[in-house]
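Let's take a look at how two parts of one protein chain meet. Have the sequence and the 3D view ready.

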Amino acid sequence: MKIISSPLELKNYLRETSKAMSTQNDFSIGFVPTMGALHGGHISLIKKAKEQNKLVVVSIFLNPTQFLKGEDLDKYPKKDEADKKICELSGVDILFFPQAEDIYGIDEVSILAPKVRGYVLEGQSRPGHFNGVLTVVMKLLNIVNPTRAYFGKKDAQQLNLISLMVKQLFMSVEIVPVDTVREKDGLALSSRNAYLIPKEREEALKISSSLRKASAMVSKGELNAKEIITSMIEILEPLEIHYVEIVSRDFNQLLHVELGNSVILVEASVGGTRLLDNIWL
Ligand code: AMP
């Protein structure tokens with residue numbers, strides 16, 4: 001596995017490699033952007049990228065611009081050595097490990113999230129967060145120029161906005177969504193789970209339980225969003241709920257579940273740790 005920290009070095013290396021491989025008409029680059037503290041969710045994105053591409057690039061970059069003032073940028077878990085091992089064992093070809101000064105300049109050019117879709121749900125709890133996400137993803141995609149880029153369905157709104165950016169800015173990368181990986185007891189894997197003490201981890205299970213309850217209600221024929229959300233809130237109540245919402249695949253609020261076109265989203269804090277989860281129906 002090659003480790004590169006300079007964006008220009010990576011760009012040149014990939015350009016040369018693509019040129020050398022151009023006789024192979026199925027040469028492709030799969031890209032998995034992450035913020036590190038890798039877990040089974042990240043590994044599943046890497047696995048999918050390995051299956052579908054000749055060369056896999058993973059980036060580890062704790063992107064400062066997507067954190068709001070007072071958020072957990074300074075205490076976000078950092079596991080550089082373990083992350084390198086995980087990437088090596090997962091068969092990653094290139095690990096891109098830039099520093100903030102490699103990615104950002106002064107008087108920054110940035111991408112703005114759309115006025116509505118970027119400022120509802122998580123964008124409402126964290127105004128401006130998606131500007132940082134879209135800006136860094138645009139930069140990383142321009143450095144790597146991948147055939148395909150892999151994003152978790154767990155961050156459904158992020159996935160939606162990145163897909164929208166790629167479509168609206170006529171970019172040629174294919175965005176591949178990957179299913180959420182969970183612990184055996186249902187808790188969605190997240191780097192922020194490391195903040196939870198055992199009692200909080202137990203409480204956090206209410207989030208996946210509420211989604212299982214919603215799914216069971218839908219299976220029994222209940223499609224009314226209000227009914228479903230009320231039952232979910234009963235389960236979630238002891239937590240600090242930021243939102244429980246049912247939206248279409250393109251993130252319009254739904255009054256009734258549309259099978260094949262709905263996502264049920266939850267964001268709640270447990271002991272100050274913000275947790276996201278969702279199910280796609
Ligand atoms: P992060 O390092 O948190 O920025 O996440 C990097 C990528 O991994 C994003 O595309 C996330 O949506 C994805 N991801 C995070 N947690 C999971 C999970 N439990 N299952 C699948 N993908 C995930």
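This is a predicted model: local features need pLDDT of at least 70, side-chain atom pairs count only at pLDDT 80 or more; totals for chains, interfaces and linings use all residues.

Residues are numbered from 1 along each chain as its sequence is written, and side-chain values use heavy atoms, with hydrogens and water left out.

The protein chain splits into domain 1 (2-178) and domain 2 (191-275), with bounds that come from an automatic or database domain assignment. Their centres, taken over C-alpha atoms, sit 26 Å apart. Domain 1 brings 18 residues to the contact and domain 2 brings 15 residues; contact here means heavy atoms within 4.5 Å.

| Feature between domain 1 and domain 2 | Value |
|---|---|
| Buried area | about 1300 Å² |
| Share of the buried area on carbon and sulfur atoms | 55% |
| Residue pairs in polar contact (both at pLDDT 80 or more) | eight residue pairs |
| Salt bridges | one salt bridge |

Buried area is the accessible area (1.4 Å probe) that two parts lose on being put together, summed over both. A polar contact pairs N or O atoms within 3.5 Å; within protein, one must be able to donate a hydrogen and the other to accept it, and residues adjacent in sequence count only if both atoms are side-chain atoms.

So which residue forms a salt bridge with Asp 72? That's Arg 192, with the closest N and O atoms 2.8 Å apart. The rule asks for a side-chain nitrogen of Lys or Arg within 4 Å of a carboxyl oxygen of Asp or Glu.
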